[in-house]
Amino acid sequence: MSTVLNQPPTFVPSVFLDAPMWNHAGLPEWFAESQREAWERFTNLAMPSRKDEHWRFANLGLLEFDGFRRLPGGEDPGFEGLKETAARVVTVNDAVVVKEGAEVKGLEVLTLREALGRHGERLRALLGVPTTGLGGEKFAALHQAQLADAVVIVTAAGVEVGAPVEIVHWLTEAQATGFPRTIILAGENSRVTVVEHHVAAGAGPVWSCGAAQIHAARGAAVNYVQFNGHPEGGKAMHFSTLRSERDAQVKHAAFQLGSGSVRTEVLSEVAGEGGRSDMLSVSLAAGTQEIDQRTLQDHLSAHTGSDLLYKNILFGKARTVFAGLIRVDEGAHYTDAYQKCRNLLLSGECEANSMPGLEINADQVKCSHGSTSGRLSEEEVFYLLSRGIPRETAEHMMSLGFALEVVERLGQPAVEALAVRLLAARLAEIGG
């Protein structure tokens, strides 16, 4: 069991309105100062407005967070995830309560305090506000100010971690708030997969405001897979920054399986020649859910590649927003970059908004973007109906098939099987 930076014994009145309860004893002064500056930045930044391009199509009425509070940690409620892992970490209301495994030579799985003790200078450039430049700066500053602990994964050069590292973040009561952060530092030519779950133990709204930072050194390969399974009344925000150095590969996959409102911002910097970024997502949106996803594929060097595939499956009155930009910087010649968003509409009342874009400042590039929206083929549905399969079941089977193109790109059979299980479970909930 690990000690966290800040575990208040009672409720904090409001994480959105009240200053954090910091405990910086024994921590570097630069980190303490970063949190104080982040709180000041948060209080000075205005809330998003309809004039903000990065919040186009978003329902700003969902940005109400007063009353959400920090809770103390507790017992691990238990989650059925992967059967085999290289390491496993469980947090409850941001307190690390389980940290086991990590016996692979060259793999470190650390709490924030442990990581600052071992890799403080290396982390200094990363442990600031996880800004993506995609509109969520106020909430990214709040995340930094309220940060109590983190999971830091470090792989040494040349290490190949066979089984995934699994992280489970629990929120345990209504109005609970979490600020989870995952930092992955992959050494040269190393290989690691990280699977992260965001779940809630009870009924009622919760709010997760998290961040992931991934830095793949030369020749490294990192797979990061995130499952958001908060209840439908919950709120989720997540800021991800990915950086691929020379010949490195970073794969970022997100599965949105719950929460009443979700906002994700993913910035991928492909910074070295031969670097590659894959950005994947499947969202199952039902009822009145809103899922808002903003991305930037930023190519900084020549001979780099990226590929984005986002798939949204909408039921009821659900809404999705996708805004993605491929940006090729000056000098980033011979870039290959692709972006595709596909929306499957399963009701006449759902709404999908897609805004792909290109900004090309180099020569000899191959870049394309596109978005499609459509319904299930009635001929294919009829084929299943004619074999005695109820319409709802047929629609769910075809929806799962629609998602498999993303699932099959995860690259590990155990993770792919987990994704199929969680998607099927969510479809069953929607059917109920």
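1. At what angle do helix α1 (residues 29–44) and helix α3 (residues 137–146) pack, and how far apart are their axes? In this predicted model, the angle is about 145° and the axes lie 8 Å apart. The crossing of α1 past α3 is left-handed. On the α1 side, the contact involves Phe31, Ser34, Gln35, Ala38, Trp39, Arg41 and Phe42. The α3 side contributes Glu137, Lys138, Ala141, Leu142, Gln144, Ala145 and Gln146.

2. The largest nonpolar core comprises 34 residues. Val225, Phe227, Phe255, Ile313, Leu410 and Leu423 have the most contacts inside this core. At least two core residues come from each of the strands β10 (221–228), β12 (249–256), β14 (276–285) and β16 (305–314), and likewise from each of the helices α4 (378–385), α5 and α6 (413–431). As a general point, nonpolar side chains in soluble globular proteins tend to be buried together.

3. Leaving out residues up to four places away in sequence, Phe255 touches Val225, Gln226, Phe227, Asn228, Val282, Val406, Val407, Leu410, Ala419 and Leu423. Of these partners, Val406 and Val407 are also among the buried residues of α5.

4. Helix α5 spans residues 391–407, 17 residues in total. From its first C-alpha to its last, α5 reaches 24 Å, close to the 24 Å expected at 1.5 Å a residue. The buried residues of α5 are Ala394, Glu395, His396, Met398, Ser399, Leu400, Phe402, Ala403, Val406 and Val407. In general, an α-helix has 3.6 residues a turn, so residues three or four places apart point the same way.

5. Beyond its neighbours within four places in sequence, Gln297 is in contact with Ser268, Met279, Ser306, Asp307, Leu308, Leu325, Ile326, Arg327, Tyr338 and Gln339.

6. Is Glu103 buried or exposed? Glu103 sits in the loop between β2 (95–101) and β3 (107–111). Because its relative accessible area is 74%, over the 50% limit, Glu103 counts as exposed. Between Glu103 and Phe322 the C-alpha to C-alpha distance is 40 Å, with 219 residues separating the pair in sequence.

Terms used. Residues are numbered from 1 along each chain as its sequence is written. This is a predicted model: local features need pLDDT of at least 70, side-chain atom pairs count only at pLDDT 80 or more; totals for chains, interfaces and linings use all residues. Side-chain values use heavy atoms; hydrogens and water are left out. Helices (H or I, at least four residues) and strands (E, at least two) are DSSP runs, numbered from the N terminus. Buried means under 20% relative accessible area, exposed over 50%, partly exposed in between (1.4 Å probe, protein chains only). The expected span of a helix is 1.5 Å times one less than its number of residues. Contact means heavy atoms within 4.5 Å. A nonpolar core is a set of buried Ala, Val, Leu, Ile, Met, Phe, Trp, Tyr and Cys residues joined through side-chain atoms within 4.5 Å. Axes are lines fitted to C-alpha atoms, for helices over the stretch in contact, and angles run from 0 to 180 degrees between N-to-C directions. A crossing is left-handed if the near helix is turned anticlockwise from the far one by less than a right angle, and right-handed if clockwise.
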